[in-house]
Amino acid sequence: MAMITTVQQHILQQQTEITGKEASGTFSWLLSGITLAAKMIEAKIRAAGLSDIVGAYGAENVQGEQQQKLDVYANQALLHCLGLRDSVAALVSEEDAEPVTFNRDPETGKYIIVFDPLDGSSNIDVNVNVGTIFSVLRRLPPEHGTLEESLLQPGVRQVAAGYVVYGPSTVLVYSSGNGVHSFTLDSSIGAFVLSGEHLRMPEQGGYYSANEANAGSWPAEYRAFLETVRSGGLGREYSSRYVGSLVADFHRTLLKGGIFLYPPTAKAPQGKLRLLYEANPLAFLAEQAGGLATTGSGRILELRPEGIHQRTPFCFGSRHEMDALARAVRA
Ligand code: AHG
Ligand code: MN
Ligand code: MN
């Protein structure tokens, strides 16, 4: 029988390798809250057309966006599964204006989980890939900061990050700082099974990914950069791919390389994507896989958040394209 490695086993093995001592299991138990919620969300998505789960929920979230029913369901699944873990001090969700805090003593409640429960909501009812994105921070010791200050740590302080992409197969990709690893959901046993270890983003790729409908209002250097890419200025041909679900566009860039751009636009002068639960976790993964992630000029992971729903311009991808972008933006 082919031996399988589940996410929980992989985390325990990693921790034992890194720390050299028996893993406490706290982190692995935490991650199992995410994988359980992901399986609940996946089941709902698979049957979306058959149940009354697609379409608008009929309320707006703090982002001023129409919540889809699946946004609300995914949010409740994550809050429920993670809230039961006593190692969780606080939960921050794209769908909730305020953090959910648990008054657990700092010794027990050591972790903060930040998440986008359902990414790419606009694609649900047209059956295009959507995802879940999560980021794990450690609570600051009381003498170093309050729980609220613990939520606003820069991305370099993440202890782990990952996403689930619900597509032709359901894949969980995570890193706890020791490489990027992928797990594919085997529905016959209901487990995420190791399918890729130490994933590396290609040095250069064949795709650029941007919502070019906004190009007219980007800062001019981004238009000039795309012109360079299109005219072979980066030394090869490119194709354009834009799914409109960040997780899907990230997953393709992780595996195939290339570059994704969401520059400032007239509608979103600070950028559209959210720092805490979209840019930071994916930037952590991009760097762990040998790629780069910036605001166009500065490293995403060094941004000091001011608010839990703060937005940022977000560009990520292969080193070759990202270095060319940095030169174009600085020019
Ligand atoms: P969410 O569904 O969590 O609000 O995220 C949607 C985001 C992201 O998934 C995607 O990259 C981006 O919105 C697409 O924005 P545009 O439609 O403006 O291109
Ligand atoms: Mn999103
Ligand atoms: Mn979302």
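Biologist: Which side chain does S135 make a polar contact with?
Modeller: The partner is Q158, side chain to side chain, at 2.7 Å. A polar contact here is a pair of N or O atoms within 3.5 Å; within protein, one must be able to donate a hydrogen and the other to accept it, and residues adjacent in sequence count only if both atoms are side-chain atoms.

Biologist: Before we go on, what kind of model is this, and what counts in it?
Modeller: It's a predicted model, where local features need pLDDT of at least 70 and side-chain atom pairs count only at pLDDT 80 or more, while totals for chains, interfaces and linings use all residues; side-chain values use heavy atoms, with hydrogens and water left out. Residues are numbered from 1 along each chain as its sequence is written, and chains are lettered from A and ligands numbered from 1 in the order in which they are written.

Biologist: OK, back to S135. Where is its place, and is S135 buried or exposed?
Modeller: S135 sits in strand β6. Helices (H or I, at least four residues) and strands (E, at least two) are DSSP runs, numbered from the N terminus. S135 counts as buried because its relative accessibility is 2%. The scale is: buried under 20% relative accessible area, exposed over 50%, partly exposed in between (1.4 Å probe, protein chains only).

Biologist: Let's do the metals. Which residues coordinate the manganese ion (ligand 3)?
Modeller: E94 (OE), D116 (OD) and L118 (O), at 2.0 to 2.2 Å. Along the chain those donors follow the spacing E-x21-D-x1-L. Donors are N, O and S atoms within 2.8 Å of the metal (3.2 Å for Na, K and Ca), and water is not among the atoms, so sites may look incomplete.

Biologist: And what are the protein donors of the manganese ion (ligand 2)?
Modeller: D116 (OD), D119 (OD) and E278 (OE), lying 1.9 to 2.1 Å from the ion. Their spacing is D-x2-D-x158-E.

Biologist: Which residue bridges the two manganese ions, ligand 2 and ligand 3?
Modeller: That's D116, and the ions lie 3.8 Å apart. D116 counts as buried because its relative accessibility is 0%. D119 is buried too, at 6% relative accessible area.

Biologist: Switching to ligand 1: which residues come nearest?
Modeller: There are 17 residues around ligand 1, and D119, G120, S121, Y242 and Y262 come nearest. To be near, a residue needs one of its heavy atoms within 4 Å of the molecule or strand in question.

Biologist: How far is a polar side-chain atom of Y242 from an oxygen atom of ligand 1?
Modeller: 2.6 Å. For Y262, a polar side-chain atom is also 2.6 Å from an oxygen atom of ligand 1. K272 has a side-chain N or O atom 2.9 Å from a ligand 1 oxygen. Taken alone, ligand 1 exposes 470 Å², and the protein buries 86% of that. Accessible areas come from the Shrake-Rupley method with a 1.4 Å probe; for residues, only the protein chains shown count as cover.

Biologist: Now charges. How many salt bridges does the structure hold?
Modeller: Nine. A salt bridge means a side-chain nitrogen of Lys or Arg within 4 Å of a carboxyl oxygen of Asp or Glu. One of them pairs E212 with R230, the closest N and O atoms being 2.5 Å apart. That pair links distant parts of the chain, 18 residues apart, with E212 in the loop between β11 (207–210) and α5 (220–230) and R230 in helix α5.

Biologist: What about R299, what does it form a salt bridge with?
Modeller: With E302, the closest N and O atoms being 2.9 Å apart. E302 is exposed, at 51% relative accessible area. Elsewhere, salt bridges that share partners join E65, E94, R274 and E278 into one network.

Biologist: Last one. What separates the C-alpha atoms of G155 and N280?
Modeller: 5.2 Å, although the two residues are 125 residues apart along the chain. G155 is in the loop between α4 (147–151) and β7 (158–166), and is buried with a relative accessible area of 1%.
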